[in-house]
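Dear colleague,

I am passing a structure on to you, together with notes on what turned up in it. Please look it over before reading on.

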Amino acid sequence: MRLRRKAADQAVEDAGEETTEVDPTAEVAASDATDGPYDADDIPDDGVARLDLGSLLVAPTEDRELRVQVDEQSGAVRAVLLASDAGALELRAFAAPRNGDLWSEIRPQIAADAARRGGTATEREGRFGTELVCEVRMTRPDGATGTQTSRVIGINGPRWLLRATLLGDPAREPESAEAWEAAIAQVAVRRGAHAMPVGEQLPLSLPEGATPRAVPTS
């Protein structure tokens, strides 16, 4: 496994990013994993090899690069991404009440944030229920302006919320994003038994044995 530090992807506004390239051990097909995402205690015997990233267990695929976003100052892993030339899937998990609907509570907050940034957020019904399609104006590294489209999907689990954000083609063309949605369905979330405030992000970690190696950025 090899990690490399690189400039932050323009599609993901974050403090810093490290990426990890993983030899694929399981390919996600659009027809797979119709019942996920799963709780880590209830993963089915499906033969899928998932990479352990702490609170998230993610299945690598042949056509997408597995990345982790790392805060450059604290060194904390902030998100997991599956990325290709066509787009990206960002994954984060949060503590949630045992019998609540955290996604319904935070969806208006995400929409309000998009509005504050001069954009829009529209609800649509998708494979996992109500999701948001956000369009926000952004400035590219070359100074040009454009519109970034994202699909924000929330899935309530037992004491956790999985937030999956699709960028690029799978956000702009949801009808053609079956394989990306199947990747979400393969994810398992490890909540842990310790008490956490509702809405706090569940901790992520680098894969065992992974060693960051800095390389020049373009």
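In these notes a residue is called buried if its relative accessible area is under 20%, exposed if that area is over 50%, and partly exposed in between, with a 1.4 Å probe and protein chains only. Helices (H or I, at least four residues) and strands (E, at least two) are DSSP runs, numbered from the N terminus. The model is predicted, and local features need pLDDT of at least 70 while side-chain atom pairs count only at pLDDT 80 or more, although totals for chains, interfaces and linings use all residues. Residues are numbered from 1 along each chain as its sequence is written, and side-chain values use heavy atoms, with hydrogens and water left out.

I begin with helix 3. Because six of its eight residues are buried, helix 3 is largely enclosed by the rest of the structure; the buried ones are Trp180, Glu181, Ala182, Ala183, Ile184 and Ala185. These buried residues pack (contact means heavy atoms within 4.5 Å) against several elements, among them strand 7 (77–83), strand 8 (87–95), strand 12 (160–168) and helix 2 (169–172). At Trp180, the charged end of Arg64 sits over the ring, 4.2 Å from its centre, where such a placement requires NZ of Lys or CZ of Arg within 6 Å of the ring centre and within 35 degrees of the ring normal.

Next come the salt bridges, each being a side-chain nitrogen of Lys or Arg within 4 Å of a carboxyl oxygen of Asp or Glu; a search of the whole structure finds 13 of them. One of these joins the side chains of Arg151 and Glu181, at 3.0 Å from N to O. Since Arg151 lies in strand 11 (residues 145–157) and Glu181 in helix 3 (residues 178–185), the pair ties together parts that are 30 residues apart in sequence. Arg151 is buried at a relative accessible area of 0%, and Glu181 is buried as well, at 9%. Both residues belong to a network of salt bridges that links Arg124, Glu131, Arg151 and Glu181.

Two further pairs may be worth a look. Arg92 forms a salt bridge with Glu90, their closest N and O atoms being 3.2 Å apart; Arg92 is buried, with a relative accessible area of 10%, and Glu90 is buried, with 9%. Arg50 bridges to Asp46 with the closest N and O atoms 2.9 Å apart, and here Arg50 counts as buried at 14% relative accessibility, whereas Asp46 is partly exposed at 32%.

With best wishes
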